[in-house]
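Trainee: I am new to this structure. Could we go through the ligand surroundings and then the helices?
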Amino acid sequence: MNIEKDRLIDMYRTMVRIRQFEERVSKEFASGNIPGFVHLYIGEEASGTGACAALRPDDYITSTHRGHGHVIAKGGRMDRMMAELFGKKTGYCKGKGGSMHIADTDLGILGANGIVGAGIPLAGGAALSARMRGTDQVVICFLGDGASNRGTFHEGINLAAVWQLPVVYVLENNLYAEKTRISDTYKLTNLSDRAGAFGIPEVTVDGNDVIAVYEAVQVAVEKARAGEGPSLIECKTYRIHGHFEGDPQTYKPAEEVEEWKKKDPIDNFRKRLADMGVLTDEDTGAIDREVAGEIDDAVRFAVESPFPAPEEALEDVFA
Ligand SMILES: Cc1ncc(C[n+]2csc(CCOP(=O)(O)OP(=O)(O)O)c2C)c(N)n1
Ligand SMILES: [Mg+2]
């Protein structure tokens with residue numbers, strides 16, 4: 001491993017931001033302050049963080065319905081995200097889109113997406129646009145194990161492979177699509193095996209190990225940037241919360257949850273950083289407190305912002 005100290009510290013801070021953002025969203029949702037639907041990323045922080053750490057600021061991501069972590073990892077503003085979740089005018093979509101429509105094109109965040117698997121063709125389109133504009137930008141396409149059984153997966157990746165488009169597919173295998181276990185929908189052990197059908201490289205990594213994710217994605221990003229086409233990286237991980245907030249999760253065995261809690265990506269990275277002499281427990285404690293302040297500020301911003309006016313309902317409607 002040859003990763004600069006500052007990058008390791010940034011990755012720790014990003015994972016803590018995601019965790020604390022999601023924990024607060026869970027609380028605010030339970031208190032009735034957030035309308036609509038939220039799907040939380042708790043337990044999966046290493047995947048989005050490691051992947052986005054391998055990108056340049058001008059690169060792109062496409063995201064999913066479970067997108068808060070991807071947006072934060074690509075540099076999205078937590079105050080505007082929180083305001084969006086609260087339905088406020090200062091939110092990313094002026095309070096009219098909610099969790100599954102958060103986007104920030106200035107940061108290359110091409111959008112969360114409520115339609116499972118819909119980011120796959122969008123990523124191909126963004127990569128084709130980079131090619132046609134003569135830039136060397138790369139696109140990371142985040143998708144789930146459920147999405148990889150959709151037609152868009154096969155059509156989108158096949159075309160990207162044939163055209164050698166600069167896309168890195170980061171498949172977050174969290175064992176479930178809604179309540180359905182992957183063993184009910186796949187005969188494969190490693191979902192990345194499907195890459196062979198498209199003739200592109202594949203890797204399966206421990207998706208709870210931020211360094212493993214970063215290193216694998218970095219290799220794939222370099223290939224894509226050099227014109228060598230797409231790759232598929234499977235991150236094996238687990239969603240600790242339900243499919244959506246309010247999901248009673250009766251379908252998950254208790255031992256399974258306990259086993260994955262022991263593989264917590266943040267706890268393990270904190271220990272590793274201490275062993276490596278990068279951050280002491282005091283240092284990580286200070287970062288945790290700074291982030292807690294950022295989350296309080298984001299919530300205050302959301303609470304104090306106005307709701308959009310009823311007469312604005314049909315503004316910004318494109319179709
Ligand atoms: C095209 C489509 N089909 C079904 C749904 C309903 N749905 C929402 S999330 C989801 C499961 C997605 O599973 P996965 O891709 O593994 O992502 P995860 O929720 O595990 O992050 C389904 C079936 C949808 N939103 N869009
Ligand atoms: Mg899943």
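Trainee: How many nonpolar, polar and charged residues are in the shell around ligand 1?
Mentor: This is a predicted model. In it, the shell around ligand 1 has five nonpolar, six polar and four charged residues.

Trainee: Which residues come nearest to ligand 1?
Mentor: Of the 15 residues around ligand 1, the nearest are H65, R66, G114, G146 and N174.

Trainee: What lies 2.8 Å from a nitrogen atom of ligand 1?
Mentor: That is a backbone N or O atom of G114. The side chain of R66 has an N or O atom 2.8 Å from an oxygen atom of ligand 1. For D145, a polar side-chain atom lies 3.1 Å from an oxygen atom of the ligand.

Trainee: And how much of ligand 1 does the protein bury?
Mentor: The protein buries 73% of the 590 Å² that ligand 1 exposes when taken alone.

Trainee: Let us turn to the helices. At what angle do the axes of α1 and α2 cross?
Mentor: The axes of helix α1 (residues 5-30) and helix α2 (residues 45-53) cross at roughly 140 degrees and come within 9 Å. Helix α1 is therefore oblique to α2. The crossing of α1 past α2 is right-handed.

Trainee: Within what distance do the axes of α4 and α11 come?
Mentor: The axes of helix α4 (residues 78-85) and helix α11 (residues 281-304) come within 8 Å, crossing at roughly 45 degrees.

Trainee: Why are α4 and α11 described as oblique?
Mentor: Their axes cross at roughly 45 degrees, so α4 and α11 are oblique to each other. As for handedness, α4 passes α11 in a right-handed crossing.

Methods. Residues numbered from 1 in each chain as written. Chains lettered and ligands numbered in written order. Predicted model: local features only at pLDDT ≥ 70, side-chain atom pairs only at ≥ 80, totals over all residues. Heavy atoms only, no water. Near = heavy atom within 4 Å. Polar contact = N/O pair within 3.5 Å; in protein donor to acceptor, adjacent residues only side chain to side chain. Areas by Shrake-Rupley, 256 points an atom, 1.4 Å probe, with all protein chains shown as cover. Nonpolar A, V, L, I, M, F, W, Y, C, P; charged D, E, K, R; others polar. Axes fitted to C-alpha atoms, helices over the stretch in contact; angles between N-to-C directions. Helix = DSSP H or I, 4+ residues; strand = E, 2+ residues; numbered from the N terminus. Parallel < 35°, antiparallel > 145°, perpendicular 65-115°, else oblique. Left-handed = near helix turned anticlockwise from the far one by under 90°.
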